[in-house]
Amino acid sequence: MIDQVVILLGPPGSGKGTQATRLSAELGVPHVATGDMFRTQMEEGTDLGQRAGRYMDSGRLVPDELVTEMLFVRVDGEDCVEGYVLDGFPRNLSQAESLDQGLEGRWSSSVASLEVPDEVLVERIAGRLLCREDSNHIYHASFSPPKVEGVCDECGGELYRREDDNPEVVAERLYVYREQTAAVITHYAQDGRLEPVDGNQGPDEVYRALRSAVEGSDVEEGG
Ligand code: AP5
Ligand code: MG
């Protein structure tokens, strides 16, 4: 039992999805990723997916009123009662304040921030491949290629490139990160909760650093 929320921050391509997948599996709690939730909605052609897609395709943030309710409904689910790993939320100060209120008195939280230079982010995003069957199966054409081109090692699903991974949209996502999401890092640094993690190393090294940052924030492992 962890009874704790892990908030994983970092710019586009910093490895949030890669690391959150592993951490949530080890801790035995769900990986809750707002970007993945929107992509599922888009694939299913829901009204929410269509509205969110207009923002995602151009690299802008989806408006808070569409994100926050979706997130709180999700983490209210039965499977989140012992904790969860948050990936991609909060992304601006208003979301951070909503989350602080939502967690207050009920949960303790730890906040880790993956730090990676821009040129590395661009390289990572340019080569990223994702599995259509499971968004937690993440590859890179050079850094972590699948055994068979275009096919997921874990489930045989088709690998694809994200619509918003093209260079123009990536530039906008990095700009939006600096303009809006960097303030979230400052917010958690100011209240003493931020654990910076060097994300510019191999995935196993990043995971070790993340694990010890999270342990330092008193997350107990599930049995
Ligand atoms: P989202 O899906 O959250 O995208 P993002 O934040 O831009 O981050 P990415 O998913 O691109 O990167 P990642 O950090 O997960 O890296 P990954 O592990 O895949 O959001 C998309 C959009 O949704 C937003 O632009 C916005 O429009 C909307 N949205 C979502 N949440 C929102 C919110 N709260 N409010 C408003 N709008 C919201 O790794 C990247 C690549 O690098 C992979 O190929 C991987 O194999 C490789 N890699 C990973 N780690 C390493 C390593 N250590 N060494 C070498 N390669 C590595
Ligand atoms: Mg991701």
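Modeller: Helices are DSSP runs of H or I with at least four residues, strands are runs of E with at least two, and both are numbered from the N terminus. The model is predicted: local features need pLDDT of at least 70 and side-chain atom pairs pLDDT 80 or more, while totals for chains, interfaces and linings use all residues. Residues are numbered from 1 along each chain as written, chains are lettered from A and ligands numbered from 1 in written order, and side-chain values use heavy atoms, without hydrogens and water.

Colleague: How many helices and strands does the chain have?

Modeller: Eight helices and eight strands. The radius of gyration, taken over C-alpha atoms, is 17 Å, close to the 17 Å that the globule rule gives for 223 residues, so the chain is as compact as a globular protein of that length. That rule is 2.2 Å times the number of residues to the power 0.38. The C-alpha trace spans about 45 × 35 × 35 Å along its principal axes.

Colleague: What share of the residues counts as buried?

Modeller: Buried means under 20% relative accessible area, exposed over 50%, and partly exposed in between (1.4 Å probe, protein chains only). Of the 223 residues, 49% count as buried.

Colleague: Which residues of helix α5 are buried?

Modeller: A helix has 3.6 residues a turn, so residues three or four places apart point the same way. In α5, residues 93–103, the buried ones are Gln95, Ala96, Leu99 and Leu103. Seen down the axis of α5, they fall within an arc of 100 degrees (from directions between the axis and the C-beta atoms), so they line one face of the helix. With contact meaning heavy atoms within 4.5 Å, this buried set packs against β1 (4–9), α4 (64–75), β3 (83–87), β4 (108–115) and α7 (167–190).

Colleague: What follows α5?

Modeller: Gly105, with a positive phi near 75 degrees. Arg106 sits in the loop between α5 and β4.

Colleague: Is Arg106 buried or exposed?

Modeller: Exposed, at a relative accessible area of 56%. Its C-alpha atom is separated by 31 Å from that of Asp134, 28 residues apart along the chain.

Colleague: And Thr68, buried or exposed?

Modeller: Thr68, in helix α4, has 15% relative accessibility and counts as buried. Leaving aside residues up to four places away in sequence, Thr68 touches Phe89, Gln95 and Ser98.

Colleague: Which residues of the largest nonpolar core touch the most other members?

Modeller: Such a core is a set of buried Ala, Val, Leu, Ile, Met, Phe, Trp, Tyr and Cys residues joined through side-chain atoms within 4.5 Å. Of 29 residues in the largest, these are Ile7, Leu9, Val32, Phe38, Tyr84, Leu86 and Tyr188. Two or more residues each come from β1, α2 (34–44), α3 (47–56), α4, β3, α5 and α7. The most come from α4, with five residues. Apart from this core lies another, of 15 residues, including Ala20, Leu23, Val29 and Ala213.

Colleague: What does Tyr188 touch?

Modeller: Not counting residues up to four places away in sequence, its partners are Ile7, Leu9, Pro90, Ala96, Leu99, Asp100, Val111, Arg193 and Leu194.

Colleague: Which residues are buried in α2?

Modeller: Thr34, Gly35, Asp36, Met37, Phe38 and Arg39. Their cover includes β2 (31–33), α3, α4, β3 and β7 (159–160). Just after α2, Gly45 takes a positive phi of about 70 degrees.

Note on methods
Arc of directions from axis to C-beta.
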